[in-house]
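Student: I would like a close look at one part of this model. Please take me through it step by step.

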Amino acid sequence: MSGPFRVALSGDFRKPDGSPVYPDFDLTPLKEAPGVEMVFLERSNPIEAAQVADIDALILLTARFGRESIHPNGRLALVARFGVGYDTVDVEALTEAGVVLAITPDGVRRPVAVSIVTLLLALTGKLMVKDRLAREGPAGFARRGDHMGVGLVGRTLGSVGIGNIGAELFRLLKPFDMRFIAHDPYADAKLAAELGVELVGLEDVFRRGDFVSISCPLTPETRHLVNAERLALMKPTAYLINTSRGPVVDQKALTRVLQARRIAGAGLDVLEQEPPDPADPILTLDNVILAPHALCWTDQCFAGNGAADVKAVLDVQHGREPRVVVNRPVLATEGWKRRMEDYRRRFGD
Ligand SMILES: NC(=O)c1ccc[n+]([C@@H]2O[C@H](COP(=O)([O-])OP(=O)(O)OC[C@H]3O[C@@H](n4cnc5c(N)ncnc54)[C@H](O)[C@@H]3O)[C@@H](O)[C@H]2O)c1
(Lines give C-alpha, C1' and ligand atoms only; values in the text may rest on other atoms or scores of the structure.)
Protein backbone atom coordinates (compact mmCIF):
# COMPACT_ATOMS: atom_id res chain seq x y z
CA MET A 1 0.00 0.00 0.00
CA SER A 2 1.20 3.54 -0.67
CA GLY A 3 -0.20 7.07 -0.51
CA PRO A 4 -1.31 9.16 2.44
CA PHE A 5 -2.99 7.94 5.63
CA ARG A 6 -6.55 9.05 5.01
CA VAL A 7 -8.56 10.22 8.02
CA ALA A 8 -12.27 11.01 7.80
CA LEU A 9 -14.48 12.85 10.26
CA SER A 10 -18.18 11.94 10.25
CA GLY A 11 -20.32 14.63 8.60
CA ASP A 12 -22.02 15.57 11.88
CA PHE A 13 -18.80 17.37 12.96
CA ARG A 14 -19.70 20.14 10.47
CA LYS A 15 -22.65 22.51 10.21
CA PRO A 16 -24.47 22.76 6.89
CA ASP A 17 -22.39 25.90 6.11
CA GLY A 18 -19.19 23.88 6.57
CA SER A 19 -18.14 25.49 9.87
CA PRO A 20 -17.18 23.18 12.77
CA VAL A 21 -19.97 22.14 15.13
CA TYR A 22 -17.44 21.99 17.96
CA PRO A 23 -14.63 24.52 17.48
CA ASP A 24 -12.96 23.31 20.69
CA PHE A 25 -11.98 20.13 18.83
CA ASP A 26 -8.55 21.22 17.62
CA LEU A 27 -7.84 19.55 14.29
CA THR A 28 -4.50 21.32 13.75
CA PRO A 29 -2.37 18.34 14.88
CA LEU A 30 -4.11 16.16 12.28
CA LYS A 31 -3.94 18.73 9.51
CA GLU A 32 -0.26 19.29 10.18
CA ALA A 33 0.73 15.64 10.62
CA PRO A 34 3.08 14.46 7.87
CA GLY A 35 1.53 11.82 5.63
CA VAL A 36 -2.06 12.49 6.82
CA GLU A 37 -4.87 13.58 4.54
CA MET A 38 -8.02 14.68 6.34
CA VAL A 39 -11.52 14.76 4.89
CA PHE A 40 -15.03 15.37 6.15
CA LEU A 41 -17.70 12.89 5.09
CA GLU A 42 -21.08 14.09 3.89
CA ARG A 43 -23.69 13.82 6.64
CA SER A 44 -25.22 10.37 6.65
CA ASN A 45 -26.78 8.09 9.25
CA PRO A 46 -25.69 5.36 9.26
CA ILE A 47 -22.27 5.91 7.71
CA GLU A 48 -22.34 4.40 4.23
CA ALA A 49 -19.75 1.82 3.22
CA ALA A 50 -18.86 3.71 0.03
CA GLN A 51 -17.94 6.76 2.14
CA VAL A 52 -15.18 4.91 3.98
CA ALA A 53 -13.89 2.65 1.19
CA ASP A 54 -10.58 4.51 0.87
CA ILE A 55 -10.30 5.71 4.48
CA ASP A 56 -7.74 4.40 7.03
CA ALA A 57 -9.25 5.95 10.16
CA LEU A 58 -12.68 7.38 10.95
CA ILE A 59 -13.44 9.80 13.78
CA LEU A 60 -17.08 9.19 14.61
CA LEU A 61 -19.46 11.57 16.40
CA THR A 62 -23.11 10.51 16.71
CA ALA A 63 -23.78 8.80 13.37
CA ARG A 64 -24.34 5.06 13.53
CA PHE A 65 -21.62 2.75 12.28
CA GLY A 66 -23.30 -0.58 11.54
CA ARG A 67 -22.42 -3.77 9.70
CA GLU A 68 -23.63 -2.09 6.52
CA SER A 69 -21.05 0.69 7.03
CA ILE A 70 -18.12 -1.67 6.44
CA HIS A 71 -16.82 -1.74 2.88
CA PRO A 72 -15.98 -5.32 1.81
CA ASN A 73 -12.83 -4.17 0.00
CA GLY A 74 -12.12 -1.19 2.22
CA ARG A 75 -8.96 -0.46 4.19
CA LEU A 76 -10.46 0.98 7.36
CA ALA A 77 -8.23 0.18 10.35
CA LEU A 78 -9.69 2.38 13.06
CA VAL A 79 -13.00 3.83 14.19
CA ALA A 80 -12.30 6.39 16.91
CA ARG A 81 -15.52 7.28 18.77
CA PHE A 82 -15.68 10.84 20.03
CA GLY A 83 -16.68 9.88 23.60
CA VAL A 84 -16.99 6.58 25.43
CA GLY A 85 -20.49 5.29 24.63
CA TYR A 86 -20.49 2.96 21.64
CA ASP A 87 -24.07 1.70 21.53
CA THR A 88 -24.23 3.33 18.05
CA VAL A 89 -21.44 1.07 16.78
CA ASP A 90 -21.71 -2.58 15.74
CA VAL A 91 -18.65 -3.79 17.62
CA GLU A 92 -19.05 -7.38 16.49
CA ALA A 93 -19.06 -6.35 12.83
CA LEU A 94 -15.96 -4.20 13.36
CA THR A 95 -14.16 -7.04 15.10
CA GLU A 96 -15.01 -9.49 12.32
CA ALA A 97 -13.70 -6.98 9.79
CA GLY A 98 -10.46 -6.49 11.76
CA VAL A 99 -11.22 -2.84 12.52
CA VAL A 100 -10.23 -1.45 15.92
CA LEU A 101 -12.72 0.62 17.92
CA ALA A 102 -11.11 3.26 20.15
CA ILE A 103 -12.89 5.47 22.71
CA THR A 104 -11.93 8.54 24.76
CA PRO A 105 -12.41 7.90 28.49
CA ASP A 106 -9.75 10.46 29.35
CA GLY A 107 -11.85 13.17 27.67
CA VAL A 108 -15.17 12.44 29.42
CA ARG A 109 -14.10 11.20 32.86
CA ARG A 110 -14.02 14.54 34.67
CA PRO A 111 -16.73 16.36 32.66
CA VAL A 112 -19.36 13.63 33.15
CA ALA A 113 -18.48 13.13 36.82
CA VAL A 114 -18.86 16.90 37.25
CA SER A 115 -22.27 16.75 35.56
CA ILE A 116 -23.42 14.13 38.10
CA VAL A 117 -22.21 16.40 40.90
CA THR A 118 -24.03 19.30 39.24
CA LEU A 119 -27.31 17.36 39.24
CA LEU A 120 -26.75 16.16 42.81
CA LEU A 121 -26.11 19.68 44.11
CA ALA A 122 -28.92 21.22 42.07
CA LEU A 123 -31.43 18.61 43.29
CA THR A 124 -30.43 18.69 46.94
CA GLY A 125 -29.99 22.46 46.96
CA LYS A 126 -33.41 22.91 45.26
CA LEU A 127 -31.66 25.19 42.83
CA MET A 128 -34.33 25.23 40.14
CA VAL A 129 -37.22 26.18 42.42
CA LYS A 130 -35.13 28.73 44.32
CA ASP A 131 -34.17 30.39 41.08
CA ARG A 132 -37.88 30.82 40.32
CA LEU A 133 -38.67 32.07 43.83
CA ALA A 134 -35.96 34.71 43.64
CA ARG A 135 -37.48 36.09 40.44
CA GLU A 136 -40.96 36.31 42.02
CA GLY A 137 -39.95 39.04 44.48
CA PRO A 138 -41.58 39.23 47.94
CA ALA A 139 -44.07 36.42 47.22
CA GLY A 140 -41.27 34.10 46.23
CA PHE A 141 -39.05 35.06 49.15
CA ALA A 142 -41.98 34.41 51.51
CA ARG A 143 -42.18 30.81 50.28
CA ARG A 144 -38.46 29.95 50.48
CA GLY A 145 -38.90 28.05 53.75
CA ASP A 146 -41.16 25.59 51.90
CA HIS A 147 -38.22 24.33 49.92
CA MET A 148 -35.66 23.14 52.43
CA GLY A 149 -32.62 21.57 50.82
CA VAL A 150 -30.93 18.30 51.75
CA GLY A 151 -27.46 18.22 53.33
CA LEU A 152 -24.95 15.65 52.12
CA VAL A 153 -22.88 14.85 55.22
CA GLY A 154 -23.30 11.23 56.26
CA ARG A 155 -25.75 10.54 53.46
CA THR A 156 -25.26 7.57 51.16
CA LEU A 157 -24.31 7.94 47.54
CA GLY A 158 -24.82 4.77 45.52
CA SER A 159 -23.51 4.25 42.03
CA VAL A 160 -24.48 1.58 39.54
CA GLY A 161 -21.12 1.23 37.81
CA ILE A 162 -17.71 2.12 39.22
CA GLY A 163 -15.74 2.46 36.01
CA ASN A 164 -14.08 5.48 34.50
CA ILE A 165 -16.85 7.96 35.42
CA GLY A 166 -18.28 6.25 38.51
CA ALA A 167 -14.86 6.15 40.17
CA GLU A 168 -14.20 9.80 39.32
CA LEU A 169 -17.53 10.74 40.90
CA PHE A 170 -16.41 9.23 44.21
CA ARG A 171 -13.01 10.96 43.90
CA LEU A 172 -14.69 14.33 43.41
CA LEU A 173 -17.10 13.88 46.30
CA LYS A 174 -14.52 12.73 48.83
CA PRO A 175 -14.50 16.06 50.72
CA PHE A 176 -18.31 15.94 51.14
CA ASP A 177 -18.09 13.36 53.97
CA MET A 178 -20.68 11.00 52.53
CA ARG A 179 -20.98 7.22 52.63
CA PHE A 180 -20.17 5.56 49.34
CA ILE A 181 -21.65 2.34 47.97
CA ALA A 182 -21.59 0.87 44.46
CA HIS A 183 -22.66 -2.12 42.46
CA ASP A 184 -20.62 -3.28 39.48
CA PRO A 185 -20.28 -6.93 38.46
CA TYR A 186 -16.82 -6.22 37.07
CA ALA A 187 -15.65 -3.85 39.81
CA ASP A 188 -11.98 -3.47 40.63
CA ALA A 189 -12.19 -4.31 44.34
CA LYS A 190 -8.79 -2.71 45.08
CA LEU A 191 -9.82 0.58 43.46
CA ALA A 192 -13.15 0.54 45.32
CA ALA A 193 -11.32 0.04 48.62
CA GLU A 194 -8.91 2.88 47.81
CA LEU A 195 -11.86 5.17 47.10
CA GLY A 196 -13.65 4.16 50.31
CA VAL A 197 -16.51 2.58 48.37
CA GLU A 198 -18.37 -0.42 49.74
CA LEU A 199 -19.30 -2.84 46.96
CA VAL A 200 -22.85 -4.09 47.40
CA GLY A 201 -25.57 -5.96 45.52
CA LEU A 202 -27.58 -4.14 42.89
CA GLU A 203 -30.75 -4.03 44.97
CA ASP A 204 -28.81 -2.64 47.94
CA VAL A 205 -27.78 0.42 45.94
CA PHE A 206 -31.48 1.23 45.47
CA ARG A 207 -32.44 0.28 49.02
CA ARG A 208 -29.64 2.10 50.81
CA GLY A 209 -28.83 5.04 48.54
CA ASP A 210 -29.99 8.54 49.43
CA PHE A 211 -28.75 9.36 45.95
CA VAL A 212 -28.54 6.67 43.27
CA SER A 213 -26.43 7.51 40.24
CA ILE A 214 -26.25 5.42 37.08
CA SER A 215 -22.86 5.12 35.37
CA CYS A 216 -22.98 1.80 33.54
CA PRO A 217 -23.03 1.31 29.78
CA LEU A 218 -26.19 0.52 27.84
CA THR A 219 -26.08 -3.18 26.99
CA PRO A 220 -28.79 -5.84 26.57
CA GLU A 221 -28.25 -6.63 30.29
CA THR A 222 -28.57 -3.04 31.50
CA ARG A 223 -31.57 -1.99 29.36
CA HIS A 224 -34.30 -1.05 31.88
CA LEU A 225 -32.00 -2.05 34.73
CA VAL A 226 -33.73 0.76 36.65
CA ASN A 227 -37.25 -0.69 36.53
CA ALA A 228 -40.43 -0.39 38.60
CA GLU A 229 -39.31 -3.07 41.06
CA ARG A 230 -35.96 -1.39 41.79
CA LEU A 231 -37.49 2.09 41.94
CA ALA A 232 -39.93 0.69 44.51
CA LEU A 233 -36.94 -0.15 46.73
CA MET A 234 -35.82 3.48 46.91
CA LYS A 235 -36.37 5.62 49.97
CA PRO A 236 -39.12 8.25 49.60
CA THR A 237 -36.43 10.87 50.27
CA ALA A 238 -34.01 9.52 47.64
CA TYR A 239 -33.01 11.00 44.30
CA LEU A 240 -32.13 9.16 41.09
CA ILE A 241 -29.51 10.56 38.71
CA ASN A 242 -28.89 9.16 35.25
CA THR A 243 -26.09 10.40 33.02
CA SER A 244 -25.40 7.08 31.30
CA ARG A 245 -27.91 6.26 28.56
CA GLY A 246 -31.68 6.84 28.65
CA PRO A 247 -32.81 3.23 28.08
CA VAL A 248 -30.95 2.04 31.19
CA VAL A 249 -33.96 3.52 33.00
CA ASP A 250 -37.54 2.43 32.32
CA GLN A 251 -38.68 5.99 31.90
CA LYS A 252 -42.40 5.20 32.02
CA ALA A 253 -41.89 3.52 35.38
CA LEU A 254 -39.80 6.44 36.63
CA THR A 255 -42.42 8.92 35.46
CA ARG A 256 -45.10 7.09 37.44
CA VAL A 257 -42.90 7.09 40.55
CA LEU A 258 -42.17 10.81 40.18
CA GLN A 259 -45.83 11.64 39.53
CA ALA A 260 -46.82 9.78 42.69
CA ARG A 261 -43.94 11.53 44.53
CA ARG A 262 -42.78 8.10 45.67
CA ILE A 263 -39.17 9.35 45.58
CA ALA A 264 -37.89 12.89 46.10
CA GLY A 265 -36.84 13.53 42.54
CA ALA A 266 -34.54 12.79 39.65
CA GLY A 267 -31.85 14.40 37.53
CA LEU A 268 -31.62 13.09 33.98
CA ASP A 269 -29.06 14.06 31.40
CA VAL A 270 -30.34 11.28 29.14
CA LEU A 271 -33.80 10.15 28.09
CA GLU A 272 -35.19 7.03 26.44
CA GLN A 273 -36.09 9.06 23.39
CA GLU A 274 -33.86 12.01 22.47
CA PRO A 275 -35.24 14.54 21.83
CA PRO A 276 -38.35 13.46 23.77
CA ASP A 277 -41.87 13.54 22.39
CA PRO A 278 -43.22 17.03 23.28
CA ALA A 279 -46.17 15.27 24.92
CA ASP A 280 -43.92 13.14 27.16
CA PRO A 281 -45.32 13.62 30.69
CA ILE A 282 -41.82 13.72 32.17
CA LEU A 283 -41.47 17.20 30.68
CA THR A 284 -44.27 18.51 32.93
CA LEU A 285 -42.89 17.30 36.25
CA ASP A 286 -41.38 19.73 38.75
CA ASN A 287 -39.45 17.07 40.66
CA VAL A 288 -37.08 16.24 37.84
CA ILE A 289 -34.20 18.24 36.39
CA LEU A 290 -33.55 17.50 32.73
CA ALA A 291 -30.64 18.17 30.41
CA PRO A 292 -30.45 17.45 26.67
CA HIS A 293 -27.64 14.85 26.85
CA ALA A 294 -25.21 17.72 27.04
CA LEU A 295 -24.55 18.50 30.69
CA CYS A 296 -20.95 17.38 30.33
CA TRP A 297 -20.43 19.45 27.20
CA THR A 298 -17.72 21.91 28.04
CA ASP A 299 -14.83 23.38 26.11
CA GLN A 300 -12.52 21.04 28.04
CA CYS A 301 -14.64 17.94 27.33
CA PHE A 302 -14.61 18.56 23.60
CA ALA A 303 -10.96 19.49 23.54
CA GLY A 304 -10.15 16.37 25.57
CA ASN A 305 -12.17 13.97 23.41
CA GLY A 306 -10.73 15.52 20.27
CA ALA A 307 -7.14 15.28 21.52
CA ALA A 308 -7.66 11.64 22.52
CA ASP A 309 -9.12 10.74 19.11
CA VAL A 310 -6.35 12.56 17.26
CA LYS A 311 -3.81 10.67 19.36
CA ALA A 312 -5.51 7.33 18.56
CA VAL A 313 -5.44 8.15 14.85
CA LEU A 314 -1.77 9.19 14.87
CA ASP A 315 -0.88 6.12 16.95
CA VAL A 316 -2.39 3.83 14.32
CA GLN A 317 -0.77 5.80 11.50
CA HIS A 318 2.59 5.00 13.10
CA GLY A 319 1.74 1.37 13.76
CA ARG A 320 1.10 1.77 17.50
CA GLU A 321 -1.89 0.54 19.52
CA PRO A 322 -4.37 3.26 20.48
CA ARG A 323 -4.52 3.74 24.27
CA VAL A 324 -8.12 2.59 24.85
CA VAL A 325 -9.41 -0.13 22.53
CA VAL A 326 -12.85 -1.69 22.99
CA ASN A 327 -12.38 -4.79 20.80
CA ARG A 328 -8.91 -5.83 21.90
CA PRO A 329 -8.94 -9.26 20.20
CA VAL A 330 -8.40 -7.47 16.87
CA LEU A 331 -4.97 -6.35 18.09
CA ALA A 332 -3.79 -9.96 18.28
CA THR A 333 -4.77 -10.90 14.72
CA GLU A 334 -2.19 -11.46 12.00
CA GLY A 335 -4.10 -9.09 9.70
CA TRP A 336 -3.81 -6.26 12.20
CA LYS A 337 -0.12 -6.92 12.87
CA ARG A 338 0.61 -6.85 9.13
CA ARG A 339 -1.22 -3.56 8.76
CA MET A 340 0.69 -2.02 11.64
CA GLU A 341 3.96 -3.13 10.06
CA ASP A 342 2.89 -1.56 6.79
CA TYR A 343 2.02 1.74 8.53
CA ARG A 344 5.34 1.74 10.39
CA ARG A 345 7.20 1.15 7.13
CA ARG A 346 5.36 4.00 5.44
CA PHE A 347 5.13 6.55 8.22
CA GLY A 348 7.81 5.55 10.76
CA ASP A 349 7.26 4.50 14.39
N1 LIG B 1 -24.20 11.80 29.40
C2 LIG B 1 -23.15 11.82 28.60
O3 LIG B 1 -22.93 12.77 27.86
C4 LIG B 1 -22.20 10.69 28.66
C5 LIG B 1 -20.86 10.93 28.32
C6 LIG B 1 -19.96 9.88 28.42
C7 LIG B 1 -20.39 8.62 28.81
N8 LIG B 1 -21.71 8.42 29.09
C9 LIG B 1 -22.18 7.09 29.48
O10 LIG B 1 -21.57 6.71 30.68
C11 LIG B 1 -21.30 5.32 30.63
C12 LIG B 1 -20.16 4.98 31.58
O13 LIG B 1 -18.96 5.56 31.08
P14 LIG B 1 -17.55 5.12 31.66
O15 LIG B 1 -16.54 5.91 30.91
O16 LIG B 1 -17.57 5.21 33.15
O17 LIG B 1 -17.50 3.61 31.20
P18 LIG B 1 -16.68 2.41 31.87
O19 LIG B 1 -16.79 1.28 30.92
O20 LIG B 1 -15.33 2.86 32.31
O21 LIG B 1 -17.51 2.09 33.18
C22 LIG B 1 -18.75 1.48 33.16
C23 LIG B 1 -18.81 0.55 34.34
O24 LIG B 1 -20.11 -0.04 34.34
C25 LIG B 1 -19.92 -1.38 34.75
N26 LIG B 1 -21.05 -2.22 34.41
C27 LIG B 1 -21.26 -2.97 33.30
N28 LIG B 1 -22.41 -3.64 33.41
C29 LIG B 1 -22.95 -3.31 34.62
C30 LIG B 1 -24.10 -3.69 35.31
N31 LIG B 1 -24.96 -4.57 34.78
N32 LIG B 1 -24.33 -3.16 36.53
C33 LIG B 1 -23.46 -2.29 37.07
N34 LIG B 1 -22.33 -1.90 36.46
C35 LIG B 1 -22.08 -2.39 35.25
C36 LIG B 1 -18.62 -1.81 34.09
O37 LIG B 1 -18.08 -2.93 34.75
C38 LIG B 1 -17.78 -0.58 34.24
O39 LIG B 1 -17.00 -0.61 35.42
C40 LIG B 1 -20.96 5.07 29.16
O41 LIG B 1 -21.22 3.75 28.77
C42 LIG B 1 -21.84 6.03 28.44
O43 LIG B 1 -23.03 5.39 28.02
C44 LIG B 1 -22.60 9.43 29.01
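Student: Which residue in strand 9 does Val160 stand opposite?

Tutor: Val160 stands opposite Ile214 in strand 9. Keep in mind that this is a predicted model. Now step back to the strand that carries Val160.

Strand 6 covers residues 156–160. Start with burial. Buried here means under 20% relative accessible area. Five of the five residues of strand 6 are buried, so the strand is largely enclosed by the rest of the structure.

Next, look at the side chains. In a regular strand, side chains alternate between the two faces of the sheet. In strand 6, Thr156, Gly158 and Val160 point one way. Leu157 and Ser159 point the other way. Both sets are buried.

Now the neighbours. Strand 6 pairs with strand 7, residues 179–183. The sense is parallel, and the pairing runs over five bridges.

How does the chain get from strand 6 to strand 7? Look at helix 6, residues 164–173. Strand 6, helix 6 and strand 7 make a right-handed β-α-β unit.

Follow strand 9 onward. Strand 9 spans 211–214, and the loop between this strand and helix 9 (228–233) holds His224. His224 is not a glycine, yet has a positive phi of about 55 degrees. At 31% relative accessibility, His224 counts as partly exposed.

Arg261 has a positive phi of about 50 degrees, although it is not a glycine. Its place is the loop between helix 10 (251–259) and strand 11. Arg261 counts as exposed, at 51% relative accessibility. The cut-off for exposed is over 50%.

Last, two peptide bonds to check. The bond from Asn45 to Pro46 is cis, with omega near 5 degrees. Pro46 sits in the loop between strand 2 (36–40) and strand 3 (57–60). Glu274 and Pro275 are also joined by a cis peptide bond, with omega about -10 degrees. Pro275 is found in the loop between strand 11 (265–268) and strand 12 (288–290).

Back to the part you asked about. Strand 6 is buried along its five residues.

Definitions and conventions
Residues are numbered from 1 along each chain as its sequence is written. This is a predicted model: local features need pLDDT of at least 70, side-chain atom pairs count only at pLDDT 80 or more; totals for chains, interfaces and linings use all residues. Side-chain values use heavy atoms; hydrogens and water are left out. Helices (H or I, at least four residues) and strands (E, at least two) are DSSP runs, numbered from the N terminus. Buried means under 20% relative accessible area, exposed over 50%, partly exposed in between (1.4 Å probe, protein chains only). Two strands pair if DSSP finds at least two bridges between them. A crossover is right-handed if, with the strands pointing away from the viewer, the path from the first strand over the helix to the second runs clockwise.
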